[in-house]
Amino acid sequence: MEITYGSGEKPPYQNAVDRILGWGRKYSIFFYPFITACCGMEYMSVASSHYDIDRFGAGLPRFSPRQADVLLVVGTVNHKVSPVLKIIWDQMTEPKWSISFGACASVGGPYDNYAVLQGVDRIVPVDIYLPGCPPRPETVIDGLLKLHDKIQNQKHDLFWKRRNK
Amino acid sequence: MTSEEIISCLQDRFPEAGIECLIDKGDAVVNVPLERLTELLRTMKVDPDFNFDMFMDITAVDWLERSPRFDVVYHLYSTSHNHRLRIKVKVDEDDPVPSSTGLWTAADWMEREVWDMYGIRFSGHPNLVRLLMYEEFKGHPLRKDYPYDKRQPLIEETWPSKKMQVKIDDRGIHRP
C-alpha cells in the first residue's frame, strides 16, 4: 500500500514510527493456512522443527481468519471452494497480507481444466508468489523474508482520520 | 474362477444371443444390451458361483460420433472367489440406465458421479444430484463436446492488472 503524504503533513517522527511498526509486525506473523492439496505436506515440513519458521516469528498458525495476519493459500483452489476463500479473506482484519503457495495456487499449475481456478490472484490480492510444485522449504523461507521486507517498508498514514474527515 | 471359467459359466446361464463375452488383458468382459443389464447384474450378485459382492467402480466412455453414444462400464469383484468381471453396456444420451443401488449400496455415489460428469441418467436412483461439481454448473464436463477451456466461476474474477481484462466469448471460454 503506497501512501503519498500531503505537503507539510509528514511529522518528523514519521520514519521512526514506520520503522517501529514494521519491525513489530514483521516478527509477529500469524498465518492462516488455507490448505487444500498436497502442498500442505510441504507447509507442515516448513512449520515443523527442522526448518523452524518460529525463528522468523511465524511459527504459530491461527485457524481463525479473524486472528490471522497472513493468508497462506496452499494448494489447488477449485471454483467450488473459491467463495470460501473469498469469505475468509474478507473476514481477516487489517493489516493483512497473502501468500500464494505453489504453482497451483499461483497460476493453476498443471490443472488447466473446468474445475480449477487459474490462480488465486483472480479473487484475492496476492503479495508473494512462491513457485514450485511443491516449493522447497527454502523457497518458503525466502518468500517469508521477502514478505518481511515488504512489511518493513510499508508506510503508515498517521493522519488518516484527519484526512478522511 | 479364472476368466475363461467365468465366461463359460456365464454363457451357460445366458445361452441366448445378444450377450457377447471376451477376454481383454486377462479379465473377463461382457457386452450386454441395456434391457438385459438388470438381470445380468442380479445374477452376478446373487448366484453363489459368481458372488460378485464388491461393486468396485462404474464409469462411462464418451464415443462422440458413435450412434449409442456412451459406454457404461461396471467393474465387479468377488472377495470370496477373488475374480473380476467387467460389464459394458451401450447407452444413448436419452436412455436411462436402471440403477444398481438396490443390489450394491456402493453404486449410489458412483452413479451420481457418472451423472455429474457424463449426464447419463439412472432410473430408480434415490438421489440423483451432482456429486463433485457445484449445483450452478451447466453441462457435463467429461463429455467430449464440453470445451476443455470453458470455465464457470462461482464468483466474479478480477485480475491483478487492469490490462488483463477477462473476456468471455460466446462459448463461455475465459481468455485474458
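User: Why is A:Phe31 called buried?

Analyst: A:Phe31 has a relative accessible area of 4%. Buried means under 20%, exposed over 50%, and partly exposed in between (1.4 Å probe, protein chains only), so A:Phe31 counts as buried. One caution: this is a predicted model, where local features need pLDDT of at least 70 and side-chain atom pairs count only at pLDDT 80 or more, while totals for chains, interfaces and linings use all residues. Residues are numbered from 1 along each chain as its sequence is written, chains are lettered from A and ligands numbered from 1 in the order in which they are written, and side-chain values use heavy atoms, leaving out hydrogens and water.

User: How many aromatic pairs are there over all chains, and what makes A:Phe31 and A:Tyr43 an edge-to-face one?

Analyst: There are nine aromatic pairs over all chains. For A:Phe31 and A:Tyr43, the ring centres are 6.4 Å apart and the planes sit at 85 degrees. Rings of Phe, Tyr and Trp (its six-membered ring) pair if their centres lie within 6.5 Å, and planes under 30 degrees apart are stacked, over 60 edge-to-face, the rest tilted. So this pair is edge-to-face.

User: Which elements hold A:Phe31 and A:Tyr43?

Analyst: A:Phe31 is in strand 1 (residues 31-35) of chain A and A:Tyr43 in helix 2 (residues 39-47) of chain A, so the pair links distant parts of the chain, 12 residues apart. Helices (H or I, at least four residues) and strands (E, at least two) are DSSP runs, numbered from the N terminus. A:Tyr43 is buried too, at 6% relative accessible area.

User: Why are B:Phe137 and B:Tyr146 called stacked?

Analyst: Their ring centres are 5.8 Å apart and their planes at 25 degrees, so the pair is stacked. B:Phe137 is buried at 3% relative accessibility, and B:Tyr146 is buried at 10%.

User: What makes strand 4 of chain B mostly covered?

Analyst: Strand 4 (residues 70-78) of chain B has nine residues, and eight of them are buried.

User: What makes a group of residues a nonpolar core, and which ones have the most contacts inside the largest?

Analyst: A nonpolar core is a set of buried Ala, Val, Leu, Ile, Met, Phe, Trp, Tyr and Cys residues joined through side-chain atoms within 4.5 Å. The largest has 45 residues, and those with the most contacts inside it include B:Leu10, B:Tyr74 and B:Leu85. Helix 3 of chain B gives the most to this core, with five residues. A second, separate core of 22 residues includes A:Tyr43 and A:Phe56.

User: What makes two chains count as touching, and how many residues of chain B and chain A do?

Analyst: Contact means heavy atoms within 4.5 Å. By that rule, 21 residues of chain B are in contact with 14 residues of chain A. The two chains bury about 1,400 Å² between them, 58% of it on carbon and sulfur atoms. Buried area is the accessible area (1.4 Å probe) that two parts lose on being put together, summed over both. On the chain B side, B:Arg151, B:Ile155 and B:Glu157 lose the most, together 37% of what that side buries.

User: Last one: why is B:Trp63 called partly exposed?

Analyst: B:Trp63 has a relative accessible area of 43%, so it falls in the partly exposed class. B:Trp63 sits in the loop between strand 3 and strand 4 of chain B and touches B:Arg69 and B:Asp71, not counting residues up to four places away in sequence.
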